[in-house]
Amino acid sequence: MERTAIYPGSFDPVTNGHVDIVERGLKIFDRIIVAILRNPAKKCLFTVEERKEMIETSLNRDSNVEIDVFDGLLVDYAKKRNAVAILRGMRAVSDFEYEFQLALMNRKLNREIQTVFLMTGLRWIFISSSIIKEAASFGGNINGMVPPVVSRKLKEKFGFISSADE
Ligand code: PNS
């Protein structure tokens, strides 16, 4: 039986830390569905379509990875996609409290789906989408922390390059 994991998140935008978790996840699972939450209540810098496109460009297309968008409850989506697990990256102690709460709530909602945490590589331990956006908004150099397409899009978004420069 093929073992599928859902890797959910906002991915606003995808970072090298996320890419690292997908690569690690593929060593455990046959298939990973990167699932972007469509949440109108959350103010995101990039549209769902832009986020999906950036992930598609950043991940190895030959691998068993699908990129999808979901709304509603994560466990319902996971069940619909026949996933056995929810995959989440864990960086530091600061992530723990929220992740613990999320995992236990998801377990309460559906006992069949397990949450699996993977540690990002040490070089990505300090990276989050929020800190990347903050640095990029002031013109900070975020090359090497995010895939090249994301770096370019952030510079465009914050007016540090125009698409005509490319
Ligand atoms: O990258 P993020 O923003 O930390 O991801 C959070 C995400 C998308 C995993 C979480 O908000 C989520 O699963 N939302 C969907 C609604 C849901 O099922 N919430 C958890 C149980 S109430």
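1. Burial terms. A residue is called buried under 20% relative accessible area, exposed over 50%, and partly exposed in between, with a 1.4 Å probe and protein chains only. At 4% relative accessibility, Phe-11 therefore counts as buried.

2. Basis of the values. This is a predicted model, in which local features need pLDDT of at least 70 and side-chain atom pairs count only at pLDDT 80 or more, while totals for chains, interfaces and linings use all residues. Residues are numbered from 1 along each chain as its sequence is written, and side-chain values use heavy atoms, with hydrogens and water left out.

3. The ligand sits in the largest pocket. A pocket here is an open set of points on a 1 Å grid over the protein atoms alone, with protein on both sides within 12 Å along at least five of seven lines; a cavity is instead a set of points where a 1.4 Å probe fits but cannot get out, and lining residues have an atom within 4 Å of a point. To sit in either one, a molecule must have more than half of its atoms within 2 Å of the grid points. The elements that give two or more residues to the shell around the ligand are β1 (4-9) and α4 (93-109). Helices (H or I, at least four residues) and strands (E, at least two) are DSSP runs, numbered from the N terminus. Helix α4 supplies the largest share of the shell, four residues.

4. Shell composition. There are 14 residues around the ligand, and Ser-10, Lys-42, Leu-73, Leu-74 and Arg-88 come nearest. The criterion for being near is a heavy atom of the residue within 4 Å of the molecule or strand. By class, the shell holds eight nonpolar, four polar and two charged residues. Ala, Val, Leu, Ile, Met, Phe, Trp, Tyr, Cys and Pro count as nonpolar, Asp, Glu, Lys and Arg as charged, and the others, Gly among them, as polar.

5. A polar backbone atom of Leu-74 is 2.8 Å from a ligand oxygen. An N or O atom in the side chain of Arg-88 lies 3.1 Å from an oxygen atom of the ligand, and for a polar side-chain atom of Lys-42 the distance to a ligand oxygen is 3.3 Å. The protein buries 74% of the 550 Å² that the ligand exposes when taken alone. Accessible areas come from the Shrake-Rupley method with a 1.4 Å probe; for residues, only the protein chains shown count as cover.

6. Loop between β1 and α1. This loop deserves a check of the backbone geometry. Most residues other than glycine have a negative phi, and most peptide bonds are trans. Phe-11, placed in the loop between β1 and α1, has a positive phi of about 50° although it is not a glycine. The peptide bond from Asp-12 to Pro-13 is cis, with omega near 0°, and Pro-13 lies in that loop too. Asp-12, also in the loop between β1 and α1, is buried because its relative accessible area is 4%. The Asp-12 side chain reaches the backbone nitrogen of Phe-46 at 2.9 Å.

7. Helix α1. Eight of the 10 residues of α1 (residues 16-25) are buried, so this helix is largely enclosed by the rest of the structure. Among the buried residues are Asn-16, His-18, Asp-20 and Gly-25. At the start of α1, a side-chain oxygen of Thr-15 comes within 3.1 Å of the backbone nitrogen of Gly-17. Glu-23, in the helix α1, counts as partly exposed at 48% relative accessibility.

8. Lys-80 is in helix α3 (residues 74-80) and is exposed, at 64% relative accessibility. Asn-82 belongs to the loop between α3 and β4 (85-90). Its phi is near 60°, a positive value in a residue other than glycine. Asn-82 is exposed, with a relative accessible area of 63%.

9. Strand β3. Phe-70, in strand β3 (residues 65-70), is buried at a relative accessible area of 6%. Phe-70 and Asn-39 are 31 residues apart in sequence and 8.9 Å apart in space, C-alpha to C-alpha.

Terms used. Polar contact = N/O pair within 3.5 Å; in protein donor to acceptor, adjacent residues only side chain to side chain.
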